[in-house]
Structure formats: structure tokens, C-alpha cells
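Q: Could you take me through how the helices in this model pack together? I would like to begin with the model itself.

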Amino acid sequence: MKTLVDQLSQYADYHRDGRNILTHFVGVPMILFAVVILLSRPAWVLGDSGFVLSPAVLAALAASVYYMLLDTRYGISLAVVLGLMLAAGAWLAQQTLSMWLGAGMGLFVVGWVIQFVGHYWEGRKPAFMDDIVGLLIGPLFVLAEMGFVLGLRKEVQHAIEMRSGPVRHARQAVL
């Protein structure tokens, strides 16, 4: 299995333009939430426990395990985010068919439009087109980049930049 830095560096190779990274801060959470919403139907209540099982729960559990294997801190953070999305997705799945589908499909389409605008600026195709695992790494990359902006996990940021180069900002891209 690739390491955290291996996965983030491979993904970062496709995301060095600061504008593209900013679009990912919006687009990736929208897409992730859309997938959670759409996978929240069908749902089954298990016995008297009140626990609801859906394809979204199974996918979130699998993704959380993978993220925790890569890095415990990022894994826990993403598990919390996924838990919040699961709660909202479960609520939306209980609404009318049009509300559930409208929210899920609307977020999905708008999120991808935002992503493709960012990749237009980057001048590169999305990472998942060369490696489907990029779809799973996107949320991890966004979380890591948000942390870097806040000054967190500098050792991870440094390791990624040693492999993929620094983020280019709009002014650098023009010069």
C-alpha cells in the first residue's frame, strides 16, 4: 500500500495551481456530500437499535478505514466529516424523492463544474483520469491543504513539495 505522502504527492502532481486547489476546497466537499446523499437510499433500520444501514454507511466505513491506515489524524478527521455528512444524507434520504435526488444530483453536477474550472486553470486533467484512487484521495488532499493553510502538518507539506513542487499562485503562473 502506498504511504500518505505517496498518495498526496501523486495527487498534488495534478494540483499545483493555487486557483485549482481553491476550487477543490468547494468542489470536492460538494461531490463527497452528493455521493453520501445519493448512497443514503436504500436504508435499513437494524432491529430495535435505531442504527440505519445504507450503502453510504458502508462506503464511509470503508473509506474511513483506508484513511486511518494512511494516517490516524487525517483518518479520524475525515471520519468525523463523513459522520456529519451521513447524518445529513440520511435526513435528506427520508425526504421526497425529488428533494433527495435534487440535492444529490445538484451538488454532484455543480461540484464537478467547479472542479473542471479549476483543472482548466491548472492546464491538467483530474488525477482520477490516470488513477481511479484519486477519487478517494481528493477529500484527503483537501483536508491536508486546509491544514497546510493553517500551518498544520508542515512535515507532510514539506515532503509533498519535495516531490511535487510548491503551489503556484496566480501571480506566479502569469510571470
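This is a predicted model: local features need pLDDT of at least 70, side-chain atom pairs count only at pLDDT 80 or more; totals for chains, interfaces and linings use all residues.

Q: OK, at what angle do α3 and α4 pack?
A: Helix α3 (residues 55–70) and helix α4 (residues 72–93) pack at about 165°, and their axes are 8 Å apart. That makes α3 roughly antiparallel to α4 (the term applies to angles over 145 degrees). Helices here are DSSP runs of H or I with at least four residues, and strands are E runs of at least two.

Q: Which residues of α3 and α4 meet?
A: On the α3 side they include Ala 56, Val 57, Ala 60 and Tyr 67, and on the α4 side Gly 75, Ile 76, Leu 82 and Leu 86. Contact means heavy atoms within 4.5 Å. By class, the contact of α3 with α4 has eleven nonpolar, three polar and no charged residues. Ala, Val, Leu, Ile, Met, Phe, Trp, Tyr, Cys and Pro count as nonpolar, Asp, Glu, Lys and Arg as charged, and the others, Gly among them, as polar.

Q: Which residues of α3 are buried?
A: Ala 56, Val 57, Ala 60, Ala 63, Ser 64, Tyr 66, Tyr 67 and Leu 70 are buried in α3, meaning under 20% relative accessible area with a 1.4 Å probe, protein chains only.

Q: And what do those buried residues pack against?
A: The buried residues of α3 pack against α1 (4–12), α2 (18–38), β2 (51–53), α4 and α6 (134–149).

Q: Changing topic: how do α1 and α6 cross?
A: Their axes come within 10 Å and cross at roughly 95°. The helices α1 and α6 are therefore roughly perpendicular to each other (65 to 115 degrees). Among the residues that meet are Leu 4, Leu 8 and Tyr 11 in α1 and Ile 137 and Phe 141 in α6. This contact of α1 with α6 divides into eight nonpolar, three polar and no charged residues.

Q: How about α4 and α6: at what angle do they cross?
A: The axes of α4 and α6 cross at roughly 110° and come within 11 Å. That makes α4 roughly perpendicular to α6. Tyr 74, Ser 77 and Leu 78 of α4 make the contact with Pro 139, Leu 140, Leu 143, Ala 144 and Phe 148 of α6.

Terms used. Residues are numbered from 1 along each chain as its sequence is written. Side-chain values use heavy atoms; hydrogens and water are left out. Axes are lines fitted to C-alpha atoms, for helices over the stretch in contact, and angles run from 0 to 180 degrees between N-to-C directions. Angles under 35 degrees count as roughly parallel, over 145 as roughly antiparallel, 65 to 115 as roughly perpendicular and the rest as oblique. Buried means under 20% relative accessible area, exposed over 50%, partly exposed in between (1.4 Å probe, protein chains only).
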